[in-house]
Amino acid sequence: MRYDEPRGSLMDTALTRQVFDTEQVPAADRFGLWLEMLARTPTLMRVRTAHADDFTARAEFLELGPMQLIRHRYPSLHGVRTRKLIQRSEGDCYLLALTLRGTGVANQDGQRGICPRGDFTFYDCARPQELIHHADEDERAASIVALIPYDALPLPHRRLAPLFAGRMSGAEGIGALLADYLIRITGHPEQYHAADAERLGGVALDLVATLLGRNLVSEDAVPTEIRRRALLNQVRAYVRQHLGDATLDPRRIAEAHHLSVRSLHRLFEAEETTVAAFVRDERLARCRRDLADPGLGDRPIQVIAGRWGFRDKAHFSRAFRAAQAETPQAYRARHLERARIVNTTASEVNPARAD
């Protein structure tokens with residue numbers, strides 16, 4: 001059964017996913033329902049499983065621009081995609097799969113890859129393929145699948161053939177960065193705005209293209225702009241992880257990425273901002289979030305500022321006022337009052353929720 005997650009109020013703009021869960025129907029109907037779901041996707045397969053009498057499975061669909069992400073959880077299975085099945089479905093796309101639990105075995109064009117937990121494999125959905133995904137008896141197999149249109153990747157189709165059904169590490173380098181990104185987005189889509197879906201998909205595509213290029217063992221296979229954007233995403237992720245460190249500056253960021261400070265500044269030239277401005281804006285964004293949080297209403301403003309790397313009270317006040325055209329105190333008061341009014345209204349409409 002497929003359903004949209006509740007969106008909450010009409011003002012809620014969080015990224016949402018569609019959920020397909022066989023537990024919503026009787027056990028005897030679950031496997032048939034799963035096959036019906038597969039028939040409506042580019043991954044249509046002939047599937048065999050030892051768990052057909054009670055196929056407890058779940059799929060969560062997330063649209064990120066041209067890319068579709070699907071987070072799967074299912075019993076062990078064996079799937080085959082034949083030429084006849086390809087003709088019955090739209091297969092003009094690539095499939096990149098990250099194994100979350102169990103072990104996947106991939107076959108395509110005479111190539112075979114064994115993918116344990118944390119590794120990627122890659123298919124061309126327009127070609128016959130075989131998939132075996134098995135897990136221990138006390139757990140279900142799990143994976144994240146990215147469906148990517150051919151023209152969404154800047155890499156020539158013929159160049160990618162050596163990677164089909166191969167194994168790519170998701171434990172280090174670009175692979176680890178991409179794995180973490182996919183796990184976080186599919187695990188907590190509510191933390192992102194629907195308006196950012198296209199941009200989030202663009203980041204994912206850049207990382208996918210870089211991962212594939214690295215595994216082709218050819219820097220030339222990855223266009224310069226893709227490499228630049230992938231490195232930029234790594235730098236941004238590093239900054240966000242270290243915002244609370246008051247010593248975070250361009251020199252430290254550059255050293256962490258084996259760059260010169262000059263190269264780091266050049267990396268940001270096309271972004272219409274500077275490294276220092278990016279760090280400041282990210283810190284201010286975290287401060288705004290905390291100041292507007294009713295649960296942190298009794299926490300001193302300077303404690304919040306210090307948490308995100310602003311050690312000097314006067315510097316924080318100046319930076320905040322320059323960005324928001326109001327003081328941190330006024331910003332907090334305005335947002336907490338708005339939250340109080342919303343909560344009061346909700347309690348009056350539904351008194352039971354106030355108990």
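Visitor: Does glutamate 272 count as buried or exposed?
Guide: This is a predicted model, in which local features need pLDDT of at least 70 and side-chain atom pairs count only at pLDDT 80 or more, while totals for chains, interfaces and linings use all residues. Residues are numbered from 1 along each chain as its sequence is written, and side-chain values use heavy atoms, with hydrogens and water left out. Buried means under 20% relative accessible area, exposed over 50%, and partly exposed in between, with a 1.4 Å probe and protein chains only. Glutamate 272 has a relative accessibility of 79%, so the residue counts as exposed.

Visitor: Where does glutamate 272 lie, and what is its phi?
Guide: Helices (H or I, at least four residues) and strands (E, at least two) are DSSP runs, numbered from the N terminus. Glutamate 272 belongs to the loop between helix 8 and helix 9 (275–291). Although glutamate 272 is not a glycine, its phi is positive, at about 60°.

Visitor: What is the phi of histidine 258?
Guide: Histidine 258 is found in the loop between helix 7 (250–256) and helix 8 (261–267). Its relative accessible area is 75%, so histidine 258 is exposed. Histidine 258 is not a glycine, yet it has a positive phi of about 55°.

Visitor: How many helices and strands does the chain have?
Guide: The chain has 355 residues, of which 46% count as buried. Contact here means heavy atoms within 4.5 Å. Of the contacts in the chain with a separation of 6 or more, 68% are between residues 24 or more positions apart. The secondary structure comes to 13 helices and 13 strands.

Visitor: Why is strand 6 called largely enclosed, and which residue of strand 11 is the bridge partner of histidine 78?
Guide: Strand 6 (residues 77–81) is largely enclosed by the rest of the structure because four of its five residues are buried. Two strands pair if DSSP finds at least two bridges between them; strand 6 is joined to strand 3 by three bridges, antiparallel, and strand 6 pairs with strand 11 (residues 129–134) over five bridges, also antiparallel. Histidine 78 in strand 6 stands opposite arginine 48. In strand 11, the bridge partner of histidine 78 is isoleucine 132.

Visitor: With which side chain does the side chain of threonine 56 make a polar contact?
Guide: Threonine 56 sits in the loop between strand 3 (46–48) and strand 4 (58–64), and its relative accessible area is 13%, so this residue is buried. Leaving aside neighbours within four places in sequence, its contacts include Thr22, Glu23, Tyr74 and Arg140. A polar contact is a pair of N or O atoms within 3.5 Å; within protein, one must be able to donate a hydrogen and the other to accept it, and residues adjacent in sequence count only if both atoms are side-chain atoms. At 3.4 Å, the partner of the threonine 56 side chain is the side chain of arginine 30.

Visitor: With which side chain does asparagine 107 make a polar contact, and at what distance?
Guide: Asparagine 107 is part of strand 8 (residues 103–108). With a relative accessible area of 16%, asparagine 107 is buried. Beyond neighbours within four places in sequence, asparagine 107 is in contact with residues including Tyr123, Pro128 and Ala165. The polar contact of its side chain is with the side chain of arginine 112, at 3.5 Å.

Visitor: How far apart in space are phenylalanine 164 and leucine 96?
Guide: Phenylalanine 164 lies in the loop between helix 3 (157–160) and strand 13 (168–169), and its relative accessible area is 0%, so this residue is buried. Apart from neighbours within four places in sequence, its contacts include Tyr94, Gln108, Phe122 and Arg127. Phenylalanine 164 and leucine 96 are 68 residues apart in sequence, and from C-alpha to C-alpha they are 9.6 Å apart.

Visitor: Which cysteine sulfur is nearest to that of cysteine 93, and how far away is it?
Guide: A disulfide is a pair of cysteine sulfur atoms within 2.5 Å, and the structure holds zero of them. Cysteine 93 is in no disulfide; the nearest cysteine sulfur belongs to cysteine 125, at 3.8 Å.

Visitor: Which residues form the aromatic cluster?
Guide: Rings of Phe, Tyr and Trp (its six-membered ring) pair if their centres lie within 6.5 Å; planes under 30 degrees apart count as stacked, over 60 as edge-to-face and the rest as tilted. By this rule there are twelve aromatic pairs. One aromatic cluster is formed by Phe20, Phe31, Trp34, Phe55 and Tyr74.

Visitor: Over which ring does the charged end of arginine 286 sit?
Guide: A charge sits over a ring if NZ of Lys or CZ of Arg is within 6 Å of the ring centre and within 35 degrees of the ring normal. The charged end of arginine 286 is 6.0 Å from the centre of the ring it sits over, that of tryptophan 308.
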